[in-house]
Amino acid sequence: MAHPSTQQAVTKLHVKNELCGLRLIVHCASKDDDLRAHVLDTGSAFSWEFESVNFIRTTVFWCNLAVRNNHLSFTAYNAAIYNRHNHWVVNEKGVFTEGHRLISEWRYGVLSVDKSHCNVGP
């Protein structure tokens, strides 16, 4: 007799720094899990995964990002809605889906970066 699968659905989230020459501070959390702040150099990423089976669909992860004196916040995962985007890219304009759709802009406007020596992003 076959046993039903006991594997849980796992969701993986990924935030990548594509800010040329700037370090990015990423602090993500949910109501139950504080993932602490991480400092990302240009081209590096912060990733995490969690069991995404939540029958009442209450899991929400949000991230606060900071660079220089600028910051932004965005919802990285919300179980109450269909999450097509689990990869987030951060550049001088804000945070984007991997498909290049702007999700959230920097609070104090576009960051000034020198892209002449960087080879990151499109």
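**Note on the predicted model: aromatic pairs, disulfide and strands**

1. The count of aromatic pairs comes to five, where rings of Phe, Tyr and Trp (its six-membered ring) pair if their centres lie within 6.5 Å, with planes under 30 degrees apart taken as stacked, over 60 as edge-to-face and the rest as tilted. Ring pairs link Phe 46, Trp 48, Phe 50, Phe 61 and Tyr 77 into a cluster. A pair of aromatic rings is described by the distance of the centres and the angle of the planes.

2. The basis is as follows. This is a predicted model, in which local features need pLDDT of at least 70 and side-chain atom pairs count only at pLDDT 80 or more, while totals for chains, interfaces and linings use all residues. Residues are numbered from 1 along each chain as its sequence is written, and side-chain values use heavy atoms, with hydrogens and water left out.

3. The chain has zero helices and nine strands; both are DSSP runs numbered from the N terminus, helices being H or I of at least four residues and strands E of at least two. Along the sequence the pattern reads β-β-β-β-β-β-β-β-β.

4. One disulfide (a pair of cysteine sulfur atoms within 2.5 Å) is found in a search of the whole structure. Cys 28 and Cys 63 form this link, with an S to S distance of 2.0 Å. The link is right-handed, with 105 degrees about the S-S bond.

5. Are the two cysteines buried or exposed? Cys 28 is buried at 0% relative accessibility, and Cys 63 is buried too, also at 0%. Buried means under 20% relative accessible area, exposed over 50%, and partly exposed in between (1.4 Å probe, protein chains only).

6. Strands pair if DSSP finds at least two bridges between them. β2 pairs with β5 in the antiparallel sense over five bridges, and Ile 25 stands opposite Ala 66 in β5. β2 also pairs with strand β3 (residues 34-40), again antiparallel and over five bridges. Here Ile 25 stands opposite Val 39, and a hairpin of four residues joins β2 to β3.

7. For the chain as a whole, 35% of the 122 residues count as buried. Of the contacts (heavy atoms within 4.5 Å) between residues at least 6 apart in sequence, 54% join residues at least 24 apart.
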